[in-house]
Amino acid sequence: MIYTGHGNREIVERIMPVSEARKRIRGLKKVDVTGRCARECIDIAYGFFTPLQGFMGREDVDAVCEKMTLKDGTLWSIPIVLDVEGEEVKEKGIKEDDTILLTFSGKPLAILEVEDIFGYEKAKMAEAVLGATDERHPGVRMINKLKDTFIGGKVTLVNPPEFQPPFDKFWYTPKDLREKIAERGWKRVVAHQTRNVPHTGHEWLMKGAWFSANGDLPVEKLQTGILVNCIIGPKREGDYIDEAIVLCHDELRNSGYFREDIHLVSISLWDMRYAGPKEAIFHAILRENLGCTHHMFGRDHAGVGSFYDPYDAHRIFDEIPEGSLNIKPIRVLEWWYCPVCGEVTYSGLCGHKEKRQKFSGTLIRSMLQDRVKPTKLIFRPEVYDKVMECAKKYGFGSPFCTKRYLAERGPVFVLSDM
Ligand SMILES: [Zn+2]
């Protein structure tokens, strides 16, 4: 079966059978990569970044920064680069047309056919992608920390990652997901991006997007699904622990807040750039590759601080050429609790704006921290129980990342020695 992804290109899959790979990697020059590059290698190889077949060369990076496209004109908003120390490149004598072995924590991961070795002006990249060069922006800090030399070229995975519980049952490659979607008979799939344990505000974001996508389909059999795609990447102290994010979303379906036949939870490896509108475009591309037809965008999607207007990530979809994306943005305003309406309602509907009670992530977090069960109108009791179970089982007692969790947590995936 051929599956089509972003840019109307076939979903990329670049994986070498292990028996062949063992021979192929012998004697290759090795470069040990950062966690982000390792995650992105895996993404490239399984087609999450279709049509990319490897890390970008200079022409692609230039095109992304200057025109928000790849060099061939395909819409693309965030550079995907392998950064190394120029010193290391020189020492190891790595040059164009070499094939090198990328390792992660010393274990073989992928081979890379070197096409381009180049330096890049970081401030130019930050300004183009993030619209900022201020170090208070985490995406700027990330770019400034990149090593001084980029290596572009095709990547082939030689050692598939083994996802560890509880993540293993949420790991689906783009091809796996297409099969799942076909099995379920979904004609439309709404992507919900998350890095949070869901409160009912999130639940309503998903429900609203589902109504919007499903509206004109026949009523005999539901043919619209929700794909909750949890972003797994680097964590900071105070973030929800990854295990709680995936398991609590899964709990919403297990407890019947979403029907079994319209809801699925999966993970994607991605280091957030907090690029606001440009990251919204990237998320749309990623979910297009997962087989989604619609993507929910809420307030301040992928934003940080006050770097972007809360609805910049909505507006950018009006600025891209028609036909450059095969996924439809569903632009959602805010859900809140209204005591007059006596329910969770929507800013586009409720006329009691001055009485509204916003969902406060901060308040809910402090309640969870203090083991106070929030009312079920704003937080489902089954989700609360699951958060507490995760805190005990994975979080050393806390549902939030602590120093101890960051140092001692179980890995999301491991690589074998080969
Ligand atoms: Zn109201």
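**Entry 1: two helices**

I started with a helix pair: α9 (residues 242–254) packs with α13 (residues 381–393) at an angle of about 150°, and their axes lie 9 Å apart. Over 145 degrees counts as roughly antiparallel, so I wrote down α9 as roughly antiparallel to α13. A reminder to myself: this is a predicted model.

I then looked up the hand of the crossing, and for α9 and α13 it is right-handed. Which residues make the contact? On α9 I found Glu243, Ala244, Leu247, Cys248, Glu251 and Leu252. On α13 I found Glu382, Val383, Lys386, Val387 and Cys390. I sorted the residues of this contact by class and got seven nonpolar, four charged and no polar.

**Entry 2: the domains**

Next I checked how the chain is divided. The domain assignment gives domain 1 as 6–160 and domain 2 as 167–414. How far apart are the centres of domain 1 and domain 2? Taken over C-alpha atoms, they are separated by 28 Å. I noted that 24 residues from domain 1 and 25 residues from domain 2 take part in the contact.

I stayed with the domain 1 side. The elements that give two or more residues to the side touching domain 2 are α2 (35–46), α5 (122–130) and α6 (138–144). Helix α2 has the largest share of that side, with six residues. By class, I have 12 nonpolar, seven polar and five charged residues on the side of domain 1 that touches domain 2.

**Entry 3: the five-stranded sheet**

I moved on to the strands. In what order do the five strands of the open sheet run? I read β10-β9-β8-β11-β12, with parallel pairing. At the edges stand β10 (263–269) and β12 (328–331); each has a single partner strand, so one side of each has no neighbour in the sheet.

Strand β9 (residues 224–232) pairs with β10 in the parallel sense over seven bridges. Valine 228 has valine 265 in β10 standing opposite.

**Entry 4**

Strand β4 (residues 99–104) turned up in two pairings. With strand β1 (residues 29–32), β4 runs parallel, joined by four bridges. I looked up lysine 30, and its bridge partner in β4 is leucine 101.

With strand β5 (residues 107–118), β4 pairs in the antiparallel sense over six bridges. Leucine 102 stands opposite alanine 110 in β5. How many residues lie between β4 and β5 in their hairpin? I found two, and serine 105 in the turn has a positive phi of about 50°.

**Entry 5: the three-stranded sheet**

My last stop was an open sheet of three strands. Its order is β14-β13-β15, and the pairing is antiparallel. Here β14 (343–346) and β15 (357–358) stand at the edges with a single partner strand each, so one side of each is left without a neighbour in the sheet.

I followed one pairing through. Strand β13 (residues 335–338) runs antiparallel to β15, and two bridges join them. I ended on tyrosine 337, whose bridge partner in β15 is glutamine 357.

How values were computed
Residues numbered from 1 in each chain as written. Predicted model: local features only at pLDDT ≥ 70, side-chain atom pairs only at ≥ 80, totals over all residues. Axes fitted to C-alpha atoms, helices over the stretch in contact; angles between N-to-C directions. Parallel < 35°, antiparallel > 145°, perpendicular 65-115°, else oblique. Left-handed = near helix turned anticlockwise from the far one by under 90°. Contact = placed C-beta atoms within 7 Å. Nonpolar A, V, L, I, M, F, W, Y, C, P; charged D, E, K, R; others polar. Domains from an automatic or database assignment. Pairing = 2+ DSSP bridges.
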